[in-house]
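These are my notebook entries on one protein chain. I set down what I looked up, beginning with the chain as a whole and then turning to single residues.

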Amino acid sequence: MHDIRAIRENPAAFDAALGLRNMAPVSSEILSLDADRRARIAAAEAAQAEQNKASKEAGAAKGRGDEAEFQRLRALVTAKKDETARLQAEAAALDAKLRELLLTVPNLPLDSVPPGEDEGDNVEIRRWGEPRAFDFAPREHFEVEGVRPGMDFETAAKLSGSRFVVLKGGVARIHRALAQFMLDLHVGEHGLEETWAPVLVLSEMMEGTGQLPKFGEDSYQTREGWWLIPTSEVTLTNTVNGDLVDHASLPRRLVAHSQCFRSEAGSAGRDTAGMLRQHQFEKVEMVSITDAESGVAEHARMTRCAETVLERLGLPYRTIVLCGGDMGFGARITHDLEVWLPGQGRYREISSVSYCGDFQARRMNARYRPAGGGKPEFVHTLNGSGLAVGRTLIAVLENGQQADGSVVLPEALHPYLGGKTRLGADGVLA
């Protein structure tokens, strides 16, 4: 959500910033609605004042016995009352229309965001690790012999349809171990607070973090009106929805492991094989809630938290900054982490870490009172995957695969697997 005052003060800068997203200017439409709304409000206030004045004069006319003047003024009071109500209703309708428009306008990119139209214009910041040299043709995760017994797409399709998977045996245990490892790392070393929250939320919560109203088709809604979360960003960020928090409590750094649900609208034909793109999946999500001065530094910190997970697992990755045309709706800047998948022979996204500024906070009305006193300010919010558990499983299986169909597992997972170090070609941990 945008500050209408900032748009009034510098509409050209607002449009220029949206231009980094390759969007056409919208300030004129916004300001036209705003002007009409303000004109109705001013007219309603004027009519209300005239009503009050006529009412007072009518009382005086009644007191001095001037019945004709009293009747004229009483009719004027009624007319002004009706006029005020009409103008207030028109102002309210325009206000709702303006808010609806503002809710669909994405966040403004930071000046440091590179220009560009799509993922081809994203800019690599750094790489870590060298992709392994295989002495055989590496396979995709679902083709590895030891993985097949534990990754059942046929049963999942029978149960739920396409884009679901049933994990079993050793593969299911590795999946669980990955989530536990990530949580322990973020809580024990990165200082995040472990959180467990509902996966069903109200529409207001989805609106607060920007999934609604524009992206409703990307998520699932129950008959009762709840929404299934696409990520714990929704629940963790909205913990401060409507709150005035103490500055001393910031930053709040939260982490949650949850089921997530996405309809994958518009992704027909993409990544249909394997479990790279699923309707139901798990993520370990990080959220930071901080003050206006700390957001950019917190973004670098959160990116580093996600990178550390990949490094501890020995998975080669690269970190990129998204260009304006590829950036998500609520972000001012986004770092994507892309892990090397030898089965595909390319890097694939495994985490997005975004700084949202006060964009979500304005939608949530989440504020803090500065430590030195003064007017409350909106908090700044950040979110990032730390990591997507299913995609991390894919990376572990593909990077650790052996010619005989077994998989050598990262040392960091051994304590979570009862000392087991590999997934055998028969699908059994050993």
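**Entry 1: the chain as a whole.** I began with burial and found that 49% of the 430 residues of the protein chain count as buried. I note here that the model is a predicted one. I then looked up the secondary structure, which comes to eleven helices and 18 strands. For the overall dimensions, I recorded that the C-alpha atoms fill a box of roughly 110 × 45 × 40 Å along the principal axes. The radius of gyration of the protein chain is 28 Å, whereas a compact globule of 430 residues would have one near 22 Å. I also looked at contacts between residues at least 6 apart in sequence, and 72% of these join residues at least 24 apart.

**Entry 2: aromatic pairs.** How many aromatic pairs does the structure hold? I found six. I examined F181 and Y416, whose ring centres are 6.2 Å apart and whose planes stand at 75 degrees; the pair is edge-to-face because an angle over 60 degrees counts as such. F181 lies in helix α6 (residues 169–188), while Y416 lies in the loop between β17 (407–408) and β18 (422–423). The two residues are 235 residues apart, and the pair thus links distant parts of the chain. Are F181 and Y416 buried or partly exposed? F181 has 6% relative accessibility and therefore counts as buried, the limit being under 20%. Y416, at 22%, counts as partly exposed.

Entry 3: I next looked up F329 and F359, which form an edge-to-face pair with 5.7 Å from centre to centre and 70 degrees between the planes. F329 counts as buried at 12% relative accessibility, and F359 counts as buried at 1%. F329 and F359 belong with F215 to one aromatic cluster.

**Entry 4: a charge over a ring.** I recorded that the charged end of K62 sits over the ring of F70, at 4.8 Å from the ring centre.

**Entry 5: positions annotated as a binding site.** Which positions does UniProt give for the feature "binding site"? The unreviewed entry lists R262, S263, E264, E349, I350, S351 and S352. I followed two of these. I350 is found in strand β13 (residues 346–357), and a relative accessible area of 2% makes I350 buried. Beyond its neighbours within four places in sequence, I350 is in contact with several residues, including L310, L337, V339 and L387. S352 is also found in strand β13. Leaving out residues up to four places away in sequence, S352 touches T334, H335, D336, N383, G384 and S385. The side chains of S352 and E349 are joined by a polar contact of 3.2 Å.

**Entry 6: a residue in a helix.** Lastly I looked up T303, which lies in helix α9 (residues 295–312). T303 is buried, as its relative accessible area is 1%. Not counting residues up to four places away in sequence, T303 touches R126, T319, H335, L337 and V353.

Technical notes: Residues numbered from 1 in each chain as written. Predicted model: local features only at pLDDT ≥ 70, side-chain atom pairs only at ≥ 80, totals over all residues. Heavy atoms only, no water. Phe/Tyr/Trp six-rings, centres within 6.5 Å; stacked < 30°, edge-to-face > 60°. Helix = DSSP H or I, 4+ residues; strand = E, 2+ residues; numbered from the N terminus. Buried < 20%, exposed > 50% of the residue type's maximum accessible area, 1.4 Å probe, protein only. Lys NZ or Arg CZ within 6 Å of the ring centre and 35° of its normal. UniProt positions renumbered as here; feature names shortened; annotations may be inferred. Contact = heavy atoms within 4.5 Å. Polar contact = N/O pair within 3.5 Å; in protein donor to acceptor, adjacent residues only side chain to side chain. Rg over C-alpha atoms; globule rule 2.2 N^0.38 Å.
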